[in-house]
Structure formats: C-alpha cells, structure tokens
Amino acid sequence: MAAIAQHRGAGSRARRGTDDRARRGAGLVPTALLLLGALYCLFPVGWVLIASTKSPGELFTTPTLAFGTGFLGNVTELFAYRDGVFWLWLGNTLVYAGGGALLSTAVSAISGYALAKYRFPGRTLIFNLLIGGILVPAVVLAIPQYLLFSEIGLADTYWAVLLPQILHPYSIYLARIYATAAIPDSLLEAGRIDGASEGRLLARVALPLMVPGLVTIFLFQFVAIWNNFLLPFIMLGDDGKFPLTVGLYTLLAAGANQPSLYNLILTGTLLSIIPLIALFLTMQRYWRTDLSSGAVK
C-alpha cells in the first residue's frame, strides 16, 4: 500500500510539474507578442534617432542601422536654418498644444462634472450628441471649420488652430465618466448642508478628486494637438504661425530639390519628440489609483 501511495504521489507531482510547464509555455506566447508589438512601435523612433546622427554624406551611403557622426552638425544647422525658424515653430506648437490642452481640460472638467452630477432637461440628449461627436472624423470637419473661420476673419490666425481644439467630445466623455466614479454624491450633499456654494464644491471638492482624470485628459489633448497636422495645414498660410508638424512638412517638400534638408527634417523630428517624453515623465506622478485621494481633508 505504501508503494502504491508513493507511486500515486510521484505521478501527481509529475502532472503538476507538467501543468506548470504548460502554463509557463502558454504565458510566453502573449509576452512574445507584446515584445513584437513594442519593437514594431519603437522601430521608427529608433530609426529616426539613428538617422539624425548622420551627416548629409552618410545618410544615403551608410547602413540603415549604423550611427553616423553628424548629429551636432545637424542640430547646429537646424537651429540656424532661416534665422532659427525651428524655434518659432516650436514656440507656436507649445502655444497651440499647451494653451489648447489647458482650455480643453478646463471645459471638459466643468462639462463632465455638470453632466455627471446635475439633473436638467436635455442632459441625456447632450451626452448622446457628444458620443456621436466622437464618431465624426476630424477630416470631415476641417473644411467646414475653415469656411466658418474665414467668414469671421479668423483664418490664418492662432485662434483658428486653438478654438477648434477646446471643445473635444471624447475629453468631455472621459471627464463625465471619471466624475461619476470619483465624486460621491454624499460628499456633495454634505458640502451643501454645510453651506458651500456650487462653485466652492466644484473648486474645493470635485476638482481635487478629478485630478488624475484631468491629467489624463490634458496629456491626451496635448499629444493630439502637438501631433496635429491637418487643421493647421488648412487654417494657416503664414509659415511664421506654423507648428512643428506643418513646418517640418514644408522642409520635406523642399527636400526634393535640396536633399541636404532631409537631415534637418530627421533631426527636427527627433527633437520634437523630446517635449512629449518629458511631459509624460513629469506628469505621470499625478496618476493615482485611489479615486478618493483628493478628498476634503
């Protein structure tokens, strides 16, 4: 009997070992797929990094993944190109992305909070219209927006790029969902009983609780506006108001006749990524897992 029990125990351990190996083997498949996806996404960034280090003579003569020796020269030439127009484009992009993201976040916070915590006629209809607005591609609205801004004399101005970015249906949707989950109705009722006004409740109770969600909205909007090409391309005609996306595109178009500009384009593309990385690393500490971390103290 002891021998039989020992044999059964050994068989059970062997089966458990086989099951563990099978589970580990099955877990390698999604891990490998994630690594392939990461490589697929990061390869263009890596290529831009490598290509920006090459001088004009090295760009088309050296192996694709071989580093060059002209990075500092490329940066110097880029900053000096047309009396430093790259800095002007960078400043314009910061105005569009920073100002647009801040205004959009503020509008989204107030709108989402109102849709989540107040009952008023037409609330459901407004929310459904916002959901419908998410499904409308931006390219469909670009020409009508240009015609409207032309009628009121705002085409080819900073406002023509800023104003369309302020009201963003998806950001309002996110703010509404986050406000519903993060702000307890009982907390607002307690504040009203204590005599707090609606504005004070918004400023002192609701917004601190919504900070993680608002940071997410700000980052989404900042990145979207920073990378936006179509809207400023249609709205703007003065290259002194161009953001980086449109400015670098003009260099690309000129590169057909001046191949040396390709190095400036690649270097400018690399430098344009750095602010996004810095912003993400700076603001990620505001993402909190505890929804009540901003509660009234």
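The model is predicted, so local features need pLDDT of at least 70 and side-chain atom pairs count only at pLDDT 80 or more, while totals for chains, interfaces and linings use all residues. Residues are numbered from 1 along each chain as its sequence is written, and side-chain values use heavy atoms, with hydrogens and water left out.

The protein chain has 13 helices and 0 strands; here helices (H or I, at least four residues) and strands (E, at least two) are DSSP runs, numbered from the N terminus. Among contacts (heavy atoms within 4.5 Å) between residues at least 6 apart in sequence, 71% join residues at least 24 apart.

The axes of helix H4 (residues 85-117) and helix H7 (residues 158-166) come within 8 Å and cross at roughly 30°. Axes are lines fitted to C-alpha atoms, for helices over the stretch in contact, and angles run from 0 to 180 degrees between N-to-C directions. H4 is therefore roughly parallel to H7, as angles under 35 degrees count as roughly parallel, over 145 as roughly antiparallel, 65 to 115 as roughly perpendicular and the rest as oblique. On the H4 side, the residues making the contact include Asn 92, Tyr 96 and Gly 99; on the H7 side, Tyr 158 and Leu 162 are among them.

Attention now turns to the interior. A nonpolar core is a set of buried Ala, Val, Leu, Ile, Met, Phe, Trp, Tyr and Cys residues joined through side-chain atoms within 4.5 Å. In the largest such core, with 33 residues, Phe 222, Trp 226 and Met 235 touch the most other members. Helices H4, H7, H10 (198-226), H11 (230-235), H12 (244-254) and H13 (261-283) each supply at least two residues of this core. Leaving aside neighbours within four places in sequence, Trp 226 is in contact with residues including Leu 90, Leu 94, Leu 244 and Pro 275. A second, separate core holds 17 residues, among them Tyr 178, Leu 188, Leu 214 and Ile 217.

Lys 241 lies in the loop between H11 and H12 and is buried, with a relative accessible area of 18%. Not counting residues up to four places away in sequence, Lys 241 touches Asn 92, Tyr 96, Asp 156, Thr 157, Tyr 158 and Leu 236.

Conventions: Buried means under 20% relative accessible area, exposed over 50%, partly exposed in between (1.4 Å probe, protein chains only).
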